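Student: I have a structure to go through with you. Can we take it piece by piece?

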Amino acid sequence: MSKKKIATIWMDGCSGCHMSFLDLDHRLLDLADLIEIVHSPIVDHKEFPPDVDVTLVEGAVSSDEDYEKIVKVRARTKILVAMGDCAVSANVPAMRNRFTPKALQEAVYLAPNMARPQLPHEAVPTLLPRVRPVHEVVKVDVFVPGCPPSNDTLFYVLSELIHGRMPDLSNKTRFGA
Amino acid sequence: MSRVVTLKINGQDVSGREDETILQVARENGIDIPVLCYLEGLSAVGACRLCLVEVTGVSRLLPSCVTRVSEGMEVNTESERLQRYRRMIVELLFSEGNHICSVCVSNGHCELQNMAIKLRLDHIGMPYRFPVRQVDASHARYGLDPNRCILCTRCVRVCDEIEGAHTWDIMGRGINSQLISDMHTPWGESETCTSCGKCVQVCPTGALFVKGKSVAEMTKRPDFLPYLAMMRNRKNGS
């Protein structure tokens, strides 16, 4: 059996889901014969490859960079997994939706206690008017709620998908788990 | 003295008093019907619509918490259509407010969250509204976060029917409906609130909470209610 190509991406989230993924620990070694991690914040591979079997998506869609990324990743992935509450529901990042991006940036970057108050003008992605869960932007195939989903949950999801089965997550995780 | 009637729920023969509701008779017979606004000890209002059931011969769905049983009735509580509608209702509740379970005081103890698990919801299909709602932290001991409110009106009813203060009410209509204290004035300035905390204990979500509780620390104890309601009925001679 050829190795399944697995990717993970990180958009507007705290990286907690990736931490939970790394918490698979020695089980990552068990999976090593079955999968190849072709793109991820934890591996050194710049371009997203064209034919990925499974992509785990952490984070909500928050900036123009996120938007371009998720559209490209969707087109290049067979099974797209919304990993964790930020991807599934926009979660904590969506708390900024009550403010305009301008008001938000001014409150953060021009705060009186900043040493040199200034708005970011380069190398920082432009914020979208509203943070959105992934499925409101592109089609999602598997939803894994949880903040973060436990390492056991992620192991189960990955194992099922590697073996060509769709995971049944009822009673395994929940919003806020 | 009310008559006893016999009826079928999910094909099972059951009996109940004719002044009982479908929900009450179902519960007496160990049949679970999901609810969010209903709470034993308070009046039933049929607000959440989760307890909708099918009754043979009736084309529309009926809320079982306010529909009385009758002789020969045939009730179905678990059809595919009902499951679909219940999931839709809960999805609408999630998309209407700002329910961020991961940072909520009631995470792990929330009736809305538990309902999502029960109905096997893994995401919300309706687009989120992300409404702008202000927290009222003016009360010395309790807080109100309307972002988490599902307008079940349990707090309104417990305050009116059990405590007798009627501090809470609902203002506005439709999507603009909101929970208010007194004449839409800060809770902490309320002249009617006795600070008894019953509203907090019956709230199914983290909308009403005890101050100082952190994420997942707010457990509710609505179990005082049937006892209080029973003693009140006894006093009133009913």
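**Loop residues, sheets and contacts**

Tutor: Start with Leu151(B): 19 other C-beta atoms lie within 10 Å, so Leu151(B) is partly exposed. Keep in mind that this is a predicted model.

Student: Where is Leu151(B) placed?

Tutor: Leu151(B) is in the loop between strand 6 (142-144) and helix 4 (154-163) of chain B.

Student: What is phi of Leu151(B) near?

Tutor: Phi of Leu151(B) is near 60 degrees, which is a positive value in a residue other than glycine.

Student: And what about phi of Thr153(B)?

Tutor: Thr153(B) is not a glycine either, and its phi is positive, about 70 degrees. Thr153(B) also lies in the loop between strand 6 and helix 4 of chain B.

Student: Does Thr153(B) count as buried or exposed?

Tutor: Thr153(B) counts as buried, because it has 22 C-beta neighbours inside 10 Å. The cut-off for buried is 20 or more, and Leu151(B) has 19.

Student: Switching to peptide bonds. Which residues does a cis peptide bond join?

Tutor: Cys147(A) and Pro148(A), with omega about -10 degrees. Pro148(A) has its place in the loop between strand 7 (142-144) and helix 6 (151-162) of chain A.

Student: Staying in chain A, how many residues of strand 3 are buried?

Tutor: Six of the seven residues of strand 3 (residues 52-58) of chain A are buried, so the strand is largely enclosed by the rest of the structure.

Student: In which sense do strand 1 and strand 3 of chain A pair?

Tutor: Strand 1 (residues 4-10) of chain A pairs with strand 3 of chain A in the parallel sense, over five bridges. Strand 3 of chain A also pairs with strand 5 (residues 77-83) of chain A in the parallel sense, over six bridges.

Student: What stands opposite Glu58(A)?

Tutor: Glu58(A), in strand 3 of chain A, stands opposite Trp10(A). Glu58(A) also stands opposite Met83(A) in strand 5 of chain A.

Student: Now the sheet in chain B. What's the strand order?

Tutor: The order is 2-1-5-3-4, in an open sheet of five strands with mixed pairing. Strand 2 (12-17) and strand 4 (62-63) of chain B are at the edges with a single partner strand each, so each has one side without a neighbour in the sheet.

Student: And how do strands 3 and 5 of chain B pair?

Tutor: Strand 3 (residues 52-55) and strand 5 (residues 74-76) of chain B pair in the antiparallel sense over two bridges. Glu54(B) stands opposite Asn76(B) there, in strand 5 of chain B.

Student: How is chain B divided into domains?

Tutor: Chain B has domain 1 (4-77) and domain 2 (84-222). The contact between them takes 12 residues from domain 1 of chain B and 18 residues from domain 2 of chain B. On the domain 1 side, the classes are 10 nonpolar, one polar and one charged.

Student: How far apart are the C-alpha centres of the two domains?

Tutor: The C-alpha centres of domain 1 and domain 2 of chain B lie 26 Å apart.

Student: How many residues of chain B are in contact with chain A?

Tutor: 17 residues of chain B, in contact with 21 residues of chain A. The chain B side has 11 nonpolar, four polar and two charged residues.

Student: One more: where is Arg87(B) found?

Tutor: Arg87(B) is in helix 2 (residues 80-96) of chain B. Arg87(B) is partly exposed, because 18 other C-beta atoms lie within 10 Å. Not counting residues up to four places away in sequence, Arg87(B) touches Leu119(B) and Leu121(B).

Definitions and conventions
Residues are numbered from 1 along each chain as its sequence is written. Chains are lettered from A and ligands numbered from 1 in the order in which they are written. This is a predicted model: local features need pLDDT of at least 70, side-chain atom pairs count only at pLDDT 80 or more; totals for chains, interfaces and linings use all residues. Two strands pair if DSSP finds at least two bridges between them. Helices (H or I, at least four residues) and strands (E, at least two) are DSSP runs, numbered from the N terminus. Domain bounds come from an automatic or database domain assignment. Two residues are in contact if their C-beta atoms, placed from the backbone, lie within 7 Å. Ala, Val, Leu, Ile, Met, Phe, Trp, Tyr, Cys and Pro count as nonpolar, Asp, Glu, Lys and Arg as charged, and the others, Gly among them, as polar. A residue is buried if 20 or more other C-beta atoms lie within 10 Å of its own, exposed if 12 or fewer, and partly exposed in between; C-beta atoms are placed from the backbone.
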